[in-house]
Protein chains: 2
Amino acid sequence: MDNIYYKIYRDYAKQIQNGILRPHSKLPSENELAEAYTTSRETVRKGLNLLAQNGYIQKVKGKGSFVLPIDRFDFPVSGLVSFKELAAKMRESPVTRVVSLEASLAGEEIASRLKVGPDEPIWKVVRTRTMDGEAIILDKDWFLQSCVPDLTKEICEDSIYQYLEKTMDIPISFAKKVITVEEATEEDSSLLDLTRHELIVVVRNYVHLEDAQLFQYTESRHRPDKFRFVDFARRQ
Amino acid sequence: MDNIYYKIYRDYAKQIQNGILRPHSKLPSENELAEAYTTSRETVRKGLNLLAQNGYIQKVKGKGSFVLPIDRFDFPVSGLVSFKELAAKMRESPVTRVVSLEASLAGEEIASRLKVGPDEPIWKVVRTRTMDGEAIILDKDWFLQSCVPDLTKEICEDSIYQYLEKTMDIPISFAKKVITVEEATEEDSSLLDLTRHELIVVVRNYVHLEDAQLFQYTESRHRPDKFRFVDFARRQ
DNA sequence: TAGTGGTCTAGACCACGGG
DNA sequence: CCGTGGTCTAGACCACTAA
């Protein structure tokens, strides 16, 4: 709310998402925006660069900034987007079921993934995601208890990210994501509505706080035919 | 090239990749860097922000900028990285085989993907990528001939991206990438060394020029057990 | 308190595009 | 030519960290 450049980013991102600003239309020039927001050109440019990085606009030297004609529907699946945020952009109504929620010690495998000792207290959450009556995603989350003291079934049924960021004010900073395809396990078969495919798309997410501390490891296991990952990337 | 902030980015990216700067070590402060490069702090900050966006460093208010302890091996698979660039970072020696290279008209499906008419002249390139003696990736590329006049088998065996950027000076700007898992086709089976899996990971890439014109469509079809996609993402 | 990064300003010069 | 975005400057104030 405070940042001027972030307000410019939000203002135009919203207008582009709502279709108020049509694809290929031209934004005001940087000088005009600086006047409109009573700020300097460099501040305007920070806002416009955010829009460009996130695929909203294209800046062309000597001409101006233009709205990109990209489908905003399937879009921000890239980056650090949680299931709840993703589902909000879709037509179907998804259901989250909490299979288990337990406080325990890390153990061998998770300890190595979270780079802590095997006796580190952690939360383990297992959830399934159902769309159109079919359980198609199995989400397994491990959190450091030292970062998240309380966790309830109600929070897990909603969005854990929202709880951490909005309610707890825990600053999530960055994440590394690894996508592979692996053999389905017995757990996958028992908790998901698998069709004939014996393969599962596994998205491993290593989530870090602002001080770069690794605090969460997530495995999101998707039925292959329902998996879709979209990414927007700029050169340099 | 001459950009000061880009030089700062390259200098430190290289030092971090080479291990000259160890993980968790502290970079000089922004004021010190401004002096060292005889430039202003805002310019230094642009370089540091590039490093942060690409996962090299973490900036902490009141403390400084620190090298992130992230495996740089499997890393820049994110973004607009071509097979050649990717392979250069791996131990194995990959082989590219050009299956076909032809000039033709777009036709129905490709015309809709490239958003041109079906009579638009295009290049179609089909290549297989072999590692450790197994053909594991099938790459199918379509280019607008209006953007790329000449294309030879030799160029396709090397890196098309390198040819476009370095030799032709065609400015690639951004790309949208969609990853899905689909049934293997007969073409997949005949050109790749598939194991029992009947599924193929399909990475569709829509590549745009600086004026936002869509000029290339690529389908990269991977054997599931050899597929791996890594992504680094920052919140906001 | 001193040093750090985060934001912002009010200029400047440049390269590019189109009339 | 003028307007555009790209780069850069030399300051400023703030919030945060650590001694």
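## Relation of the two chains

Chain A is superposed on chain B by a rotation of 180° with 0.0 Å of shift along its axis, at an RMSD of 0.1 Å; the superposition is by least squares on the C-alpha atoms of residues with pLDDT of at least 70 in both copies. This is therefore the relation of a two-fold axis. Within chain A, the residue closest to the rotation axis is A:Leu199, whose C-alpha lies at 4.2 Å. Both copies use the same surface, since 98% of the contact residues of chain A recur in chain B; contact denotes heavy atoms within 4.5 Å.

## Basis of the values

The model is predicted: local features need pLDDT of at least 70 and side-chain atom pairs count only at pLDDT 80 or more, while totals for chains, interfaces and linings use all residues. Residues are numbered from 1 along each chain as its sequence is written, chains are lettered from A and ligands numbered from 1 in the order in which they are written, and side-chain values use heavy atoms, leaving out hydrogens and water.

## Packing of H1 and H3 in chain A

Helices (H or I, at least four residues) and strands (E, at least two) are DSSP runs, numbered from the N terminus. In chain A, the axes of helix H1 (residues 4–17) and helix H3 (residues 41–53) come within 8 Å and cross at roughly 45°. Axes are lines fitted to C-alpha atoms, for helices over the stretch in contact, with angles from 0 to 180 degrees between N-to-C directions. H1(A) is therefore oblique to H3(A), a class left after under 35 degrees (roughly parallel), over 145 (roughly antiparallel) and 65 to 115 (roughly perpendicular).

On the H1(A) side, A:Ile4, A:Tyr5, A:Tyr6, A:Ile8, A:Tyr9, A:Tyr12 and A:Ala13 meet A:Thr43, A:Val44, A:Lys46, A:Gly47, A:Leu50 and A:Leu51 of H3(A). These contact residues comprise 10 nonpolar, 2 polar and 1 charged (Ala, Val, Leu, Ile, Met, Phe, Trp, Tyr, Cys and Pro count as nonpolar, Asp, Glu, Lys and Arg as charged, and the others, Gly among them, as polar).

## Chain B and an aromatic pair

In chain B, the axes of H1(B) and H3(B) likewise come within 8 Å and cross at roughly 45°. H1(B) is therefore oblique to H3(B).

Over all chains, the whole structure holds 13 aromatic pairs. The ring centres of B:Tyr9 and B:Tyr56 are 6.1 Å apart and their planes stand at 80°, so this pair is edge-to-face. Rings of Phe, Tyr and Trp (its six-membered ring) pair if their centres lie within 6.5 Å, with planes under 30 degrees apart counted as stacked, over 60 as edge-to-face and the rest as tilted. The pair links distant parts of the chain, 47 residues apart: B:Tyr9 belongs to helix H1 of chain B, and B:Tyr56 to the loop between helix H3 and strand E1 (57–60).
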